[in-house]
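Take a walk through this fold with the model open beside you.

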Amino acid sequence: MHRIDLSYQLGATSPAPGTIGNALMDLLYAVRQHGSISAAAKAMGLSYRHVWGELKRWEQTLGRTLIVWDKGQPARLNEFGEKLLWAERQAQARLAPQIHALRADLERAFAMAFDDAAHVVPLYASHDDALGALREHAVASHKLYLDISYTGSVDAIRGLNEGRCVIAGFHTRQDPVPGSLTERVYKPLLKPGLHKIIGFAQRNQGLIVARGNPAGVTTLADLCRGVRFVNRALGTGTRVLFDELLEQAGLSSSAIEGYDRTEPSHHAIAHAIANGHADAGFGVQPSVERHALDFIPLVRENYFLVCLKSTLDQPSTQALLEILRSAPWQAALSAMPGYAPLQSGDVLSMRRVLPWWTFPARKATSRKPRR
């Protein structure tokens with residue numbers, strides 16, 4: 001099979017509006033339709049010299065002639081040129097539904113860029129089903145497009161600090177323990193006065209096991225007796241939480257079979273267990289419901305959003321806060337297994353929700369009365 005590299009452009013006006021176009025095929029079509037190179041060039045708004053040169057260049061590239069170059073006669077396609085054009089038109093006919101669908105999708109997407117009522121929020125976050133639901137809800141209700149990149153909580157906050165996103169998502173236990181692993185990981189990344197914490201959701205994290213729990217796993221200690229475990233990757237908030245729980249329980253990760261085996265999301269963990277590749281994992285409740293597994297809740301945690309103080313008043317951030325505070329969104333969140341609103345859309349005191357900082361009390365100043 002001969003390989004031909006052809007580049008296509010969406011939105012071509014020739015030979016038919018709404019199709020995808022290739023420069024060579026458009027030239028061949030014009031020559032056939034208009035009967036000569038000069039007429040084809042005129043119809044395409046190009047010079048005779050340009051069209052003639054392009055046809056000669058393509059013949060050299062393909063190693064075949066495309067045109068019957070009889071002296072004193074109008075140029076016409078030869079048999080190879082006709083077959084090449086026919087094959088391309090056949091392919092376009094078969095792909096027409098997909099081409100039109102792609103064109104419509106692109107038109108809708110770019111129309112948003114010119115809509116002053118629409119907003120886009122680049123968001124890096126730890127994987128969470130509620131964020132996926134929020135993305136769909138925000139588009140439908142407020143023309144707010146959440147451009148979500150799922151990454152670990154640690155990488156999400158780093159991305160925020162480096163200017164790669166406007167909002168970051170991370171999660172901690174409801175009552176963060178002073179001196180805990182969570183504090184040691186997140187405290188260097190979050191700065192009072194620089195960042196603003198936004199309430200989002202509460203959710204359950206726990207052990208994911210096969211239906212009926214055949215391995216008999218009920219506690220973290222049970223993972224140390226030969227149970228095949230599957231973990232989240234380093235840098236994810238769930239991995240930080242799991243390691244913190246092990247640390248506080250006095251358990252060694254080396255005693256857990258499969259501790260170093262990782263999956264990129266909660267659903268990937270659930271899928272591995274559902275397919276018999278592991279006996280247990282650690283994750284959130286919705287992934288269990290989807291794969292018909294069992295769930296043993298261990299921790300209630302808060303999922304926060306965080307932005308820079310300097311971007312809090314941006315229209316896109318304010319639009320997001322409005323959605324989070326709305327009754328329809330909070331009702332949708334409450335319907336998700338293991339989830340509930342957590343002061344959704346409220347800007348929270350970092351000191352209260354993450355009690356890792358101590359600030360000296362302001363000294364009262366006294367003023368002497370003027371005489």
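Leu134 touches Leu146, Phe200, Leu320, Ile323, Leu324 and Trp329, leaving aside residues up to four places away in sequence. Contact here means heavy atoms within 4.5 Å. This is a predicted model, in which local features need pLDDT of at least 70, side-chain atom pairs count only at pLDDT 80 or more, and totals for chains, interfaces and linings use all residues. Residues are numbered from 1 along each chain as its sequence is written, and side-chain values use heavy atoms, without hydrogens and water.

Leu134 belongs to the largest nonpolar core, which has 29 residues. Leu131, Leu134, Ile167, Phe200 and Leu305 have the most contacts inside this core. Such a core is a set of buried Ala, Val, Leu, Ile, Met, Phe, Trp, Tyr and Cys residues joined through side-chain atoms within 4.5 Å. Buried means under 20% relative accessible area, exposed over 50%, and partly exposed in between (1.4 Å probe, protein chains only). Helix 11 gives the largest share of the core, five residues. Helices (H or I, at least four residues) and strands (E, at least two) are DSSP runs, numbered from the N terminus. A second, separate core has 22 residues, including Val154, Leu308, Leu342 and Leu354.

Now turn to Phe282. It sits in strand 11, residues 280-284. Its relative accessibility is 2%, so Phe282 counts as buried.

Last, a helix pair. Leu24, Leu27, Leu28 and Val31 in helix 1 meet Val51, Glu54, Leu55, Trp58 and Leu62 in helix 3.
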